[in-house]
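Subject: Structure for you to look over

Dear colleague,

I am passing on the structure below, together with notes on what was found in it. Please read the notes with the structure open beside you.

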Amino acid sequence: MVREQLEARGISHPGVLAAMGTVPRHLFVQEALRSQAYEDTPLPIGHGQTISQPYIVALMSELLEVDRGMRVLEVGTGSGYQAAVLAAMGCTVFTVERLRELYLNAGALLRQLGLRGIHMQRRDGTLGMPEAAPFERIIVTAGGPEIPRPLVDQLDEGGILLIPVGARPRTQRLMRLRKEQGRIHTEDLGSVIFVDLVGDHGWQPSGR
């Protein structure tokens, strides 16, 4: 996976490649799908959610430009795989999931793996985790119609926020925001497809 899907497509960050080669991806997918765990494809994890394909996980991890010891907020724990990769890279990860089953399953697996430095909460991820802010990095693993203002407010000076944004569900552009001297600078990194970001600053359950 690392050689053929990541390095071959330009992923070069040593920490990302090491983490992706270390974290056992097959444990984060449903047992019936474990034979496909290392293929370059997203897989369902239940409740209408997916685990992103390995390349996207690696790409977003690289685009975050993390260093060891950084405090990272993840919105959308899902299976827990992205949080595990960031923890393996030496980050302290604060991760938020709104769906109870995914929250419980991911928490149990991350504890089983003995990964340290991961703090989980079950809540509306579009509101962030203000009690633990500010964060040097924020990664959002679902796509919404706007960049949630609470997340921008919780981004530390010099920080990076990575988020898929689009006017229609499942059709987004990957945006990278940098906060420099209190100003936000935005880059469009291209087209992506993510599950819906649901919450006060995302898509409401009934759509909006």
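Helix 3 is mostly covered, with 9 of its 10 residues buried, where buried means under 20% relative accessible area, exposed over 50% and partly exposed in between, using a 1.4 Å probe and protein chains only. Helices (H or I, at least four residues) and strands (E, at least two) are DSSP runs numbered from the N terminus. The buried residues of helix 3 include P54, Y55, V57, M60 and L63, and I56, which belongs to this helix of residues 54-63, counts as buried because its relative accessibility is 16%. Just after helix 3, E65 adopts a positive phi of about 55 degrees.

This is a predicted model, in which local features need pLDDT of at least 70 and side-chain atom pairs count only at pLDDT 80 or more, while totals for chains, interfaces and linings use all residues. Residues are numbered from 1 along each chain as its sequence is written, and side-chain values use heavy atoms, with hydrogens and water left out.

The largest nonpolar core holds 47 residues, of which L6, M20, F28, L64, Y81 and V85 touch the most other members; such a core is a set of buried Ala, Val, Leu, Ile, Met, Phe, Trp, Tyr and Cys residues joined through side-chain atoms within 4.5 Å. Among the elements that give two or more residues to this core are helix 3, helix 4 (81-88), helix 5 (100-112) and strand 7 (155-168). Leaving aside neighbours within four places in sequence, L64 is in contact (heavy atoms within 4.5 Å) with V72, L86, R137, I138, I139, I160 and L162.

Strand 3 (residues 71-75) and strand 6 (residues 135-140) pair in the parallel sense over 4 bridges, two strands being counted as paired if DSSP finds at least two bridges between them. The open sheet has 7 strands in the order 5-4-3-6-7-8-9, with mixed pairing, and its edge strands, each pairing on one side only, are strand 5 (118-122) and strand 9 (183-192).

Some backbone details in the loops also deserve a look. In the loop between strand 5 and strand 6 lies P134, which is joined to A133 by a cis peptide bond with omega of about 5 degrees. Q181, in the loop between strand 8 (171-180) and strand 9, has a positive phi near 55 degrees although it is a residue other than glycine, and Q181 is exposed, with a relative accessible area of 77%.

Best regards
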